[in-house]
Amino acid sequence: MEVVIIGAGSFGASLAWTLARGGDQVTLVDQFEPGDPRASSGGETRLMRCCHGADADYTASARRARTLWRELEAESGEALYEECGVAWFAPRTDGWEAASERVLAELGAPTERVDPTELYPSVATDDLAFTLLEPEAGVLRAQRAVRALAAQAKAHGARIMGAAARPDGAAAVLDDGTRLEGDAVVWACGSWLGDLFPSLVSLRVTRQEVLLFACEAAWGGTPGWVEYDRAMYGTGNIDGLGFKASLDLEGPAIGADEDLPAGGSTEPEVRAYLSRRFPALARAPLNYARSCRYELTPDTRFIASSHPDHERMWLLGGGSGHGFKHGPALAEVVAEAMRSGEPLPERFGLGERSASRSLRTAGSGPGR
Ligand SMILES: Cc1cc2nc3c(=O)[nH]c(=O)nc-3n(C[C@H](O)[C@H](O)[C@H](O)COP(=O)(O)OP(=O)(O)OC[C@H]3O[C@@H](n4cnc5c(N)ncnc54)[C@H](O)[C@@H]3O)c2cc1C
């Protein structure tokens, strides 16, 4: 197949890598360099976790993605994935963590109930029912991983182009007028997808913050962590960046092309959480804060569908604050549908969706 992909984030670059290593002829186009901070896939790190509550499909997808990220590491010779584990702080015996534990057991993926005081230099546990460790989860080096996807796609013969594109019928037209057509033209445009296809795609673009705090050496190598019911997540000290602690509730709306302001507005909420859960870090100096974009579907399920009017045009996106890790596994599903002509699972479709954010690490309570 000859495939044109617009967008070299986790979704588009994963598809480029998957198709190119399978022998397809790929052209990958992006207005920025892969891993640019204006794209959702920019920034240093992303959690790679299989726990998705009761959702077996997303759990299996993340597990498959872990294998594929490992394959990318082997191909590229780069350290992209830190398998430091992820700890889930469970305030209830019958909540999201218990549901995740059941689904992972059914899939044969390891989990363990642990004493978190053995994992972290400072952690308060008096209000927790249990802590679930996912030992094969961890942290992906996001920007580096996206660049590796694009580089490996190129190594398998893909053509990489820097340009802004717009749809014209089933083709993509670049800003210099070049017209690209193929057996498939895929629009994997992150936060920009809703602006490009307003009548088909309903995405809410929000501004989110990432905060990193100075910490002692003992926080290096500690597992990533999530407290689903409080919509908080973070990592230990990866690559000397500091301890990451961020709020996963939806931030204010922002346009895809708007400048991202410096982060820091969520610091009081994050500090209040740190003083409760990781007391030694309550007054830790802020190393830095930055903001970035979520592109949220109403139900946090991804979008992967052919266009209703142009069967050779495909839309891919709606990462919804948790898509990064799934990139290569989602790409496999999309590549298979392109080759076989079989429809993609209905959950990725363009139709109406009911509101839910259960697949993110944002709890199930009201947003902002
Ligand atoms: C703060 C934050 C924390 C997150 N944490 C996690 C996490 O822990 N785990 C996880 O798995 N996921 C996480 N996510 C979500 C994840 O990063 C995103 O779901 C994922 O990166 C989306 O990838 P994408 O390829 O769809 O979009 P993007 O990365 O935005 O890529 C889209 C690309 O399309 C290009 N493009 C758009 N329009 C055009 C055009 N017209 N012409 C040319 N190029 C165009 C853009 O330049 C961009 O490079 C997080 C996201 C954020 C912002």
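**Pockets, cavities and a serine**

User: Which strand gives the largest share of the lining of the second largest pocket?

Analyst: A pocket is an open set of points on a 1 Å grid over the protein atoms alone, with protein on both sides within 12 Å along at least five of seven lines, and lining residues have an atom within 4 Å of a point. Strands are DSSP runs of E with at least two residues, numbered from the N terminus. The largest share, 3 residues, comes from residues 303-306, strand β19.

User: Which residues are closest to the centre of that second largest pocket, and what is its volume?

Analyst: This is a predicted model, in which local features need pLDDT of at least 70 and side-chain atom pairs pLDDT 80 or more, while totals for chains, interfaces and linings use all residues. Residues are numbered from 1 along each chain as its sequence is written, and side-chain values use heavy atoms, without hydrogens and water. A volume is the space filled by probe spheres set on the points, which are joined across faces, edges and corners. The volume is about 240 Å³, and of the 13 lining residues the closest to the centre are S306, W314, E342, P343 and L344.

User: Is S291 buried or exposed?

Analyst: S291 lies in strand β18, residues 286-296. Buried means under 20% relative accessible area, exposed over 50%, partly exposed in between (1.4 Å probe, protein chains only). Because its relative accessibility is 6%, S291 counts as buried.

User: Which residue has its backbone oxygen 2.3 Å from a polar side-chain atom of S291?

Analyst: Contact means heavy atoms within 4.5 Å. Leaving out residues up to four places away in sequence, S291 touches R207, Q208, E209, L260, P261, A262 and G263. The backbone oxygen at 2.3 Å belongs to P261.

User: Which residues line the largest cavity?

Analyst: A cavity is a set of grid points where a 1.4 Å probe fits but cannot get out. The largest cavity has a volume of about 40 Å³. Both β3 (45-48) and β14 (204-213) supply at least two residues of its lining. The lining is G43, E44, T45, R46, V210, L212, L241, K244 and R290.

User: Which residue has a polar side-chain atom 3.0 Å from an oxygen atom of the ligand?

Analyst: F11 is 3.0 Å from a ligand oxygen through a backbone N or O atom. H322 also uses a backbone N or O atom, at 3.1 Å. The polar side-chain atom at 3.0 Å belongs to Q31.

Definitions and conventions
Helix = DSSP H or I, 4+ residues; strand = E, 2+ residues; numbered from the N terminus. Polar contact = N/O pair within 3.5 Å; in protein donor to acceptor, adjacent residues only side chain to side chain.
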